[in-house]
Amino acid sequence: MIDKETTPTANTKPDLTAKYRGACVEDLQLPPAFCLSEDAPISHALEAAYEREFDQLPILNDRRRPIGYLYVPSLKQKFETGTIREDDPVSRCITHFPLSSRSHPYTVIHPLTPLEELEQFFISAGTDFALVTDVERKWVLAVATKDDLETFVKRRG
């Protein structure tokens, strides 16, 4: 006999708590983020992305606050087609973060954020990555991706 109260159906969401077993962002063991200032040259961004195998590079303003990111595959394409030059500032290619507001609240992802909350952020924000900051949002510590979550789950078995 099937117990309808506990048997999952196609309409029920998987239990994310059980999936991640209490793990948090810190458990992903992410490499430190590499951030650039908005006036850094494109050549620095391409070099840093290549050396670290990063697809997203956080961009900081003059007060060291995150203002956006560079999507490296798009940056490479623009460079190869001659749309940008290596001495152009990265500010020409930034994807800016929306300003925090009631309709677009800023979600803080920090090392102790549970992984189920990180996955929910990816779903609700419709993005593939998140900047991991300290709780006060003063420092960008790492960049977490959907792939990092998938790798974690596979590694944990």
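Predicted model: local features only at pLDDT ≥ 70, side-chain atom pairs only at ≥ 80, totals over all residues.

Visitor: Where does R65 lie?

Guide: R65 sits in the loop between β2 (56-60) and β3 (66-71).

Visitor: Which residues gather with R65 in a patch of positive charge?

Guide: The patch on the surface brings together R63, R65, R137 and K138. Lys and Arg count as positive, so the patch made by these four residues is called positive.

Visitor: What makes R137 partly exposed?

Guide: Its relative accessible area is 32%. That value falls between the 20% and 50% limits, so R137 is partly exposed.

Visitor: What is said about the phi of R137?

Guide: R137 has a positive phi of about 65° although it is not a glycine. R137 is in the loop between β5 and β6, two strands that form a hairpin with six residues between them.

Visitor: Which residue in the hairpin of β2 and β3 takes a positive phi?

Guide: That is R64, with a phi near 65°. This hairpin has five residues between its strands. R64 has a relative accessible area of 47%; the exposed label needs over 50%, so R64 is partly exposed.

Visitor: How many helices and strands are there in the protein?

Guide: There are five helices and six strands. From the N terminus on, they run α-β-α-β-β-α-β-α-β-β-α. Of the 157 residues, 36% count as buried.

Visitor: What is the order of the strands in the open sheet?

Guide: The four strands are ordered β1-β2-β3-β4, and their pairing is mixed. β1 (36-37) and β4 (95-96) each have a single partner strand, so they stand at the edges and one side of each is left without a neighbour in the sheet.

Visitor: How do you know that β1 and β2 pair, and are they parallel or antiparallel?

Guide: Pairing takes at least two bridges, and two bridges join β1 to β2, which run parallel. L36 stands opposite I59 in β2, and S37 stands opposite L60.

Visitor: How many bridges join β2 to β3?

Guide: Five, and these strands run antiparallel. I59 has G68 as its bridge partner in β3.

Visitor: What makes β2 mostly covered?

Guide: Five of its five residues are buried, that is, under 20% relative accessible area. Both faces are covered, with Q56, P58 and L60 on one side and L57 and I59 on the other.

Visitor: How many residues of β6 are buried?

Guide: In strand β6 (residues 140-145), five of the six residues are buried. Five bridges join strand β5 (residues 129-133) to β6, and the two run antiparallel. F129 stands opposite T145 in β6.

Visitor: What makes the contact of E119 and K19 a salt bridge?

Guide: The limit is 4 Å between a side-chain nitrogen and a carboxyl oxygen, and the side chains of E119 and K19 meet at 3.1 Å, N to O. The pair links distant parts of the chain, 100 residues apart: E119 is in helix α4 (residues 115-125) and K19 is in helix α1 (residues 16-20).

Visitor: Is E119 buried or exposed?

Guide: Buried: its relative accessibility is 15%, and the label applies under 20%. K19 has a relative accessible area of 37%, so K19 is partly exposed.

Visitor: How do you know that E51 and R52 form a salt bridge?

Guide: Their side chains meet at 3.6 Å, N to O, which is within 4 Å. E51 counts as exposed because its relative accessibility is 53%, with the cut-off at over 50%. R52 has 34%, so R52 counts as partly exposed.

Visitor: Which residues are linked in a network of salt bridges?

Guide: R85, D87, D88 and R92 are.

How values were computed:
Residues numbered from 1 in each chain as written. Heavy atoms only, no water. Patch = residues over 30% accessible without salt bridge, like charges linked within 9 Å, V, L, I, M, F, W, Y side chains within 5 Å. Areas by Shrake-Rupley, 256 points an atom, 1.4 Å probe, with all protein chains shown as cover. Charge placed at Lys NZ, Arg CZ, Asp CG, Glu CD. Buried < 20%, exposed > 50% of the residue type's maximum accessible area, 1.4 Å probe, protein only.
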